[in-house]
Amino acid sequence: MEAERPMADEHASDPADREDKKARRTPPGAKTMRLGAAADPVRPKPAPEVVRLPEADVEPDSPPKPAGGATHAEAGALAAEAQSGPATADTDEDTVVAEPDEAPPGEAPAAARPDQIEPDRDRRRVARPSGLGQAPWILALSSFGVLLVAVGYAGGREQTRLALAAYWIGQIVVFTPVVTRLLTRRLAGVAESFTLVMGLAFNQYLLKWFYSPDQFRFPDELQHWLATTIINQHGRLFQPNLALPPAVHFPGLAEMGAAVSQLTGLPVTAAGLIVAGTCHLGLVAALYVAVLRSSHSPATAGVTCVVYATSLHYLFFNSMYLYQTGALVFLMLTVWASQRFKNGNGWEFGLLAVAGTVLTTVCHHVTAGALVLTLLLIGLVEVVVTRPRPWKNLILPLGATVVVAVWILVVARDVIAYLEAPLDQVTRTAKQFFSGQQQAAGAAAEVPLWELGIQALGLLFLLGLFLAVARDTNARKERDPWQWAALTGSAVFFAGNGVRFLGSNGPEIAGRLSTFTYVPMSVVAATALVQAVRLLPSKKPLKPGRTFTRRVLAGAVVITVLMAGARVGGWPPAGQLLPGPYLADGFERSVDRYGLDAADWERDMLGPGQRTGGDLTAIALASTYGRQDPVRGVGKLFYDEQWSDTDEDLVNTLALNYLVVDTRLGEQLPANSQYFDNDPDAGRITEPLTARQLGKFDDLPQWSRLYDNGKIRIYRVGGR
């Protein structure tokens, strides 16, 4: 029998029982017992003990007031089991609920679960049945939202007027009903919560897939499509990939894609979509079970997942065929397995944590580093708040550090130089910012005020929840390491958001950081929403009924606003939420038949590995479909009105063999502030390139126009 403390939880009791419970008082430290995995079919089940909760713990809207020295995780078990019903199982064992019969004479009654609490001796509460609850109907409605978004996408391609309205209505219908159900007190339990979370993740993956269902168009996806194709062709790992050299030493995702392609006979694109979708769903499932394991609350686990679904990169970057997508699921599985191992659930979980560390490392360099920091954070917090200090909990984090360091220093040494440039830029910009030096004008594209307003509103709400949970946790003198680790990680989340103001790469880096730091923030936000933590402290208890309904609706509205902020501040950019015709520097919307035809011609006629330059889209297609060696930093050649010796020197420095010129750069401004990689005029372009700038290459001696499809021209550089 283990000591558990009662806890105020929105899901812990029904309104019909509250008035009876308020009339009872019981000293803190009430005992409960969690029943075993299965009931004995022969021996009669003893009647459960009547558990009486203190008045403060019955109020659904009051801050949690744990008893004795019980931990936050132990208190959370009451809330979890109260809503999960008689057949609900947590991650360790099944829970069997016996009907509250009278105990035989001379026998001590067995401990009861919170949902078996008797209001008095003449009245007993009937436990709610478990099962899928309302999940099938909620997900059917959510699926209708997927259809609306697909209609919006089709309208975007045809440039119809109501396409954007259909998109936004569909996004809300996909998301908000699931959020509202997870916040209500009538949640059936683990089965319904998990079904809702996974159904939402599947529907949201469809939203990403429908944006470009026929092929990969985002440059990073094209790079990993090429890596997978190379493995299929050569049958070996670590083959050169000119489009993304560091990916050669992180072949985890490409290997999975190649395996699916070879086993099923599917093309690489179809195999990649399957692998990316499976990894995305695996990430959500692993996050769910990790939070369920620590909180013992299906509601908290479910709300954590839907809050995480509002992160900037969740819908697209974390669902794309990128090596980060393949690594994230292994990161979360490693965190879950390491916690199980440290809690004494068996050596097999330790082996799973080691395997997860290795798989994360060979999939993605940044995710591997994030895994090391996550394990170190949790381990250090456990050492600080737990007595006696569990120094052995640092073994797994230190082991993960060794694995990642050995791989990068011995196998993937080129990744160090690859990451140097963005880190140096952020460091340099941060020094300029704090020293008061003037930063370069037009370093980043201007963001509309309405977008900033939506994102700022969401951040303020998250900050309020964070401060409220931190206040209550400190007031309770909480000793739960998971709670303190989540709060510490949330503080890092807010610090990471400041990076978006540091240079042109700041927003991108901040978004990539939020992929990892938003996990603990989601846990904290879910804890506050499920337990109805007060944003402002007050001794006056809130009345049940309408107050609870208002809280559910307010929570659903605010999380929906967070989702909207992620859509306009994440990817695609707000102006490209819908697919459509060609846009200069529009990433997915810049890939069309003209660019694909030119890339195919390069592959067939030039041979692989030729040094080829051009705008962002030309480089992405030439290096993947065209199999050429991409040359970046050619923007100056385009901006000059007349050819100069400086341009000739730049050509020689870059060892340029071919130049791709898209004449549509003279028709449109760049959609995302720059035409070229390392564009010298990024953020300062006010008009398209002129005909003189784009046509001067025809007048250069020894330069030859080899290809022209009406939109794209390919030149052989003179003297090469």
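These legends describe close-up views of a predicted model.

Residues are numbered from 1 along each chain as its sequence is written. Local features need pLDDT of at least 70 and side-chain atom pairs pLDDT 80 or more, while totals for chains, interfaces and linings use all residues, and side-chain values use heavy atoms, without hydrogens or water.

**View 1**
Helices (H or I, at least four residues) and strands (E, at least two) are DSSP runs, numbered from the N terminus. The chain holds 720 residues, and 55% of them count as buried. Buried means under 20% relative accessible area, exposed means over 50%, and partly exposed lies in between (1.4 Å probe, protein chains only). The accessible surface comes to about 30700 Å². Carbon and sulfur atoms hold 62% of that surface. These areas come from the Shrake-Rupley method with a 1.4 Å probe; for residues, only the protein chains shown count as cover. Among contacts between residues at least 6 apart in sequence, 75% join residues at least 24 apart. A contact means heavy atoms within 4.5 Å.

**View 2. Five strands form an open sheet with mixed pairing.**
The strand order is S4-S3-S5-S7-S6. At the edges are S4 (629-631) and S6 (704-708), each pairing on one side only. Two strands pair if DSSP finds at least two bridges between them. Strand S3 (residues 611-613) and S4 run parallel, joined by three bridges. Thr612 has Pro630 in S4 as its bridge partner.

**View 3. Tyr167 and Trp168 form an edge-to-face pair.**
The chain has 28 aromatic pairs. The ring centres of Tyr167 and Trp168 are 5.3 Å apart and the planes meet at 80°, so the pair is edge-to-face. Rings of Phe, Tyr and Trp (its six-membered ring) pair if their centres lie within 6.5 Å; planes under 30 degrees apart count as stacked, over 60 as edge-to-face and the rest as tilted. Tyr167 is buried, at 2% relative accessibility. Trp168 is partly exposed, at 22%.

**View 4. Phe218 and Trp571 pair edge-to-face.**
Their centres lie 5.5 Å apart, with 70° between the planes. The pair links distant parts of the chain, 353 residues apart. Phe218 is in the loop between helix H6 (190-211) and helix H7 (219-234). Trp571 is in the loop between helix H19 (546-569) and helix H20 (593-606). Both Phe218 and Trp571 are buried.

**View 5. One aromatic cluster includes Phe638 and Tyr715.**

**View 6. Two arginines sit over aromatic rings.**
The charged end of Arg512 is over the ring of Phe317, 5.5 Å from its centre. Arg664 lies over the face of Tyr582, 3.7 Å from the ring centre. A charge sits over a ring if NZ of Lys or CZ of Arg is within 6 Å of the ring centre and within 35 degrees of the ring normal.

**View 7. Gln204 is a buried residue of helix H6.**
Its relative accessibility is 1%. Leaving aside neighbours within four places in sequence, Gln204 contacts Val174, Phe175, Ala309, Tyr314 and Leu315.

**View 8. Leu513 belongs to helix H18 (residues 506-530).**
Leu513 is partly exposed, with a relative accessible area of 34%. Beyond its neighbours within four places in sequence, Leu513 contacts Gly496 and Val499. The C-alpha atoms of Leu513 and Val492 are separated by 9.4 Å. Leu513 and Val492 are 21 residues apart along the chain.
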